[in-house]
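Work through the exercises below with the sequence and the model open. Each task is followed by a solution in steps.

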Amino acid sequence: MNHTIAIDLGGTIVKIGLLKEGQLIDRKEVVAQSASGLKSQLPELEQEIDQMLLANQLHNKDVLGIGFSFAGLVDSVANRILSTNQKYDDGPDTDLVGWAREKWNWPLFAMNDARMALLGEWQHGAGQGCTELVAITLGTGIGSAVLIGGELLIGKHFQAGNLGGHFVVNHHGKVCTCGNVGCVEAEASTWRLPSLLKEHPAFDQSAIKNEEVLDFRALFRHAGNNDRVAKEVLDHCLSAWAAGIITMIHAFDPEIVILSGGIMKSSAIILPALQEKVNQLAWTPLGKVKLVEAKFPDSAALYGADYLVRSSMDNQ
Ligand SMILES: [Zn+2]
């Protein structure tokens, strides 16, 4: 009984991992059907997991349990999804614990995906040896999680440390998907970027207007070509991210800040620029806080799920 199953349910893909003593020994990805709900996705997950067991010559009894990572608010005591945002909207009505018990007789432990990724980086990646961590995902949205004194920060309503993307950095800013105004996400994220560019007064004179997709890859390329609009919009995004990171540093006093997410594919540009702003602006008289790139941007949540299963069962 030294294996675990890890599921990372994202908005576009679902990752399934098989881990043995903390090592990822098999993985599979399937297309997420997030618009049609969670319950309708479960039969496909069952099939994939059964096939994975078969391919690795394992039986139900060889598996300790399932770690379930979800992009939304999760009650990690009752292992239930609490709140979703336009994806898997039947999540709160889905009995995941009952599903895993009935199908395989395994326990299931659920947690928010940013926290799960933080656990993975803490145990195996960029956060090894630390007890105080902030992890931030820069992508379609902006997620965050916090470790204090070697324990995940959870809060009364399971959302402490999770809403770093919704710290207000511009109170005159745009309306965010959360209903607030001028959140980090509403100032600089993949969903916000197209309108941010189009609102620039010189957009029509910029070569970036000919791009089919206005994404960060295009933004970095045009900024690298010295395009004025791209450079100014990039600087706006860097300032918004830095403001969010600095507030996380002021609030939670971490040893390091771990950054991951799709936008970090351009880490060679982003990381030094953000570090410079943080060094300049954060009030940390006892030392600069280092920003580091995640070691496992693609699989940290799977490692975290494995750790969650093991540590939860040790405590039972
Ligand atoms: Zn918001």
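This is a predicted model: local features need pLDDT of at least 70, side-chain atom pairs count only at pLDDT 80 or more; totals for chains, interfaces and linings use all residues.

**Exercise 1. Compare the overall dimensions with the globule rule.**

Step 1. The C-alpha trace spans about 60 × 45 × 35 Å along its principal axes.

Step 2. The radius of gyration is taken over C-alpha atoms, and the globule rule is 2.2 Å times the number of residues to the power 0.38. For 316 residues a compact globule would have a value near 20 Å, and the protein agrees, with 20 Å.

**Exercise 2. Describe the open sheet S3-S2-S1-S4-S7 and the helices on it.**

Step 1. The protein has nine helices and twelve strands. Helices (H or I, at least four residues) and strands (E, at least two) are DSSP runs, numbered from the N terminus.

Step 2. Five strands make up this open sheet, with mixed pairing; two strands pair if DSSP finds at least two bridges between them. Strands S3 (23–31) and S7 (108–112) are at the edges with a single partner strand each, so one side of each has no neighbour in the sheet. Neighbouring strands are turned by 20° against each other on average, direction ignored.

Step 3. S1 (residues 3–9) and S4 (residues 63–70) run parallel and are joined by six bridges. Aspartate 8 stands opposite serine 69 in S4.

Step 4. Helix H2 (residues 96–104) packs on the sheet, touching S4 and S7, and its direction makes about 150° with that of S7. Helix H3 (residues 113–124) lies across S1, S4 and S7 at about 105° to S7. Axes are lines fitted to C-alpha atoms, for helices over the stretch in contact, and angles run from 0 to 180 degrees between N-to-C directions.

**Exercise 3. Find the bridge partner of threonine 137 in S11.**

Step 1. S8 (residues 133–138) pairs with S11 (residues 256–260) in the parallel sense over five bridges.

Step 2. The partner of threonine 137 is serine 260.

**Exercise 4. Which residues touch the most other members of the largest nonpolar core?**

Step 1. A nonpolar core is a set of buried Ala, Val, Leu, Ile, Met, Phe, Trp, Tyr and Cys residues joined through C-beta atoms within 7 Å. Buried means 20 or more other C-beta atoms within 10 Å of a residue's own; exposed means 12 or fewer, and partly exposed lies in between, with C-beta atoms placed from the backbone.

Step 2. The core has 86 residues, and Ile7, Ile245 and Val257 touch the most other members. Helix H7 (residues 228–252) gives the largest share, 13 residues. Domain 1 and domain 2 each supply at least three residues.

Step 3. Leaving aside neighbours within four places in sequence, valine 257 is in contact with Val134, Ile136, Ile245, Met248, Ile249, Val289 and Leu291.

Note on methods:
Residues are numbered from 1 along each chain as its sequence is written. Domain bounds come from an automatic or database domain assignment. Two residues are in contact if their C-beta atoms, placed from the backbone, lie within 7 Å.
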